[in-house]
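Work through the exercises below with the sequence and the 3D view open. Try each task before reading its solution.

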Amino acid sequence: MAADTPESYVATVVKARRKGKILIDYLHNQCSATAVAPYSSRVRPGAVVSGPLLWDGLSPDIRPGHFTILNMLDRLSATDPWQDFHAAAVPLMTKA
């Protein structure tokens, strides 16, 4: 993606090269790589919480520190982006 559309995507982790682009972090997509689980708080000022977000929930107001332990419960009581998660399940294999 970064090679095909360099004006939109970058695979370089250096922050100065990422401005205005989406980082394709292929190095964290491998066995033993770590990730932040949904609804986990992070060890940062403000206790930022990771959480799923619907596309129509995006706005310029949503910044990296937007969701915290102080507002995540209110958000989840209003809407849960994963409420239909299991309804979309499709078997990967069928028995012959």
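**Exercise 1: Proline 81**

Proline 81 lies in the segment after helix 2. Helices (H or I, at least four residues) and strands (E, at least two) are DSSP runs, numbered from the N terminus. This is a predicted model: local features need pLDDT of at least 70, side-chain atom pairs count only at pLDDT 80 or more, and totals for chains, interfaces and linings use all residues. Residues are numbered from 1 along each chain as its sequence is written, and side-chain values use heavy atoms, with hydrogens and water left out.

Task: decide whether proline 81 is buried or exposed, and list what proline 81 touches.

Solution. 
- Step 1. Recall the cut-offs: buried means under 20% relative accessible area, exposed over 50%, partly exposed in between (1.4 Å probe, protein chains only).
- Step 2. Proline 81 has 17% relative accessibility, so it counts as buried.
- Step 3. Contact means heavy atoms within 4.5 Å. Not counting residues up to four places away in sequence, proline 81 touches Tyr39, Pro52, Leu53, Leu54 and Arg75.
- Step 4. Now take a distance. The C-alpha atoms of proline 81 and glutamine 30 are separated by 26 Å. Along the chain, these two are 51 residues apart.

**Exercise 2: Aspartate 80**

Solution. 
- Step 1. Valine 10 is 70 residues away along the chain, and the two C-alpha atoms are 31 Å apart.

**Exercise 3: The loop between strand 2 and helix 2**

Task: characterise serine 50, tyrosine 39 and alanine 47 in turn.

Solution. 
- Step 1. Serine 50 is in the loop between strand 2 (22–23) and helix 2 (72–78). Serine 50 counts as buried, at 17% relative accessibility.
- Step 2. Leave aside neighbours within four places in sequence. Serine 50 then contacts Val36, Ala37, Pro38, Tyr39, Ser40 and Met72.
- Step 3. Tyrosine 39 belongs to the loop between strand 2 and helix 2. With a relative accessible area of 31%, tyrosine 39 is partly exposed. Its phi is near 70 degrees, a positive value in a residue other than glycine.
- Step 4. Alanine 47 is also placed in the loop between strand 2 and helix 2. At 18% relative accessibility, alanine 47 is buried. Phi of alanine 47 is near 50 degrees, again positive in a residue other than glycine.

**Exercise 4: The whole chain**

Solution. 
- Step 1. Count the elements: two helices and two strands. Their pattern along the sequence is β-α-β-α.
- Step 2. Along its principal axes, the C-alpha trace spans about 50 × 35 × 30 Å.
- Step 3. Of the 96 residues, 11% count as buried.
- Step 4. Take contacts between residues at least 6 apart in sequence: 14% join residues at least 24 apart.

**Exercise 5: Confidence**

Task: find where confidence is lowest and where it is highest.

Solution. 
- Step 1. pLDDT is the predictor's confidence in each residue, from 0 to 100. The chain averages 82, and 93% of the residues score at least 70.
- Step 2. Helix 1 (residues 15–18) is lowest, at a mean of 82. Strand 1 (residues 9–10) is highest, at 90.
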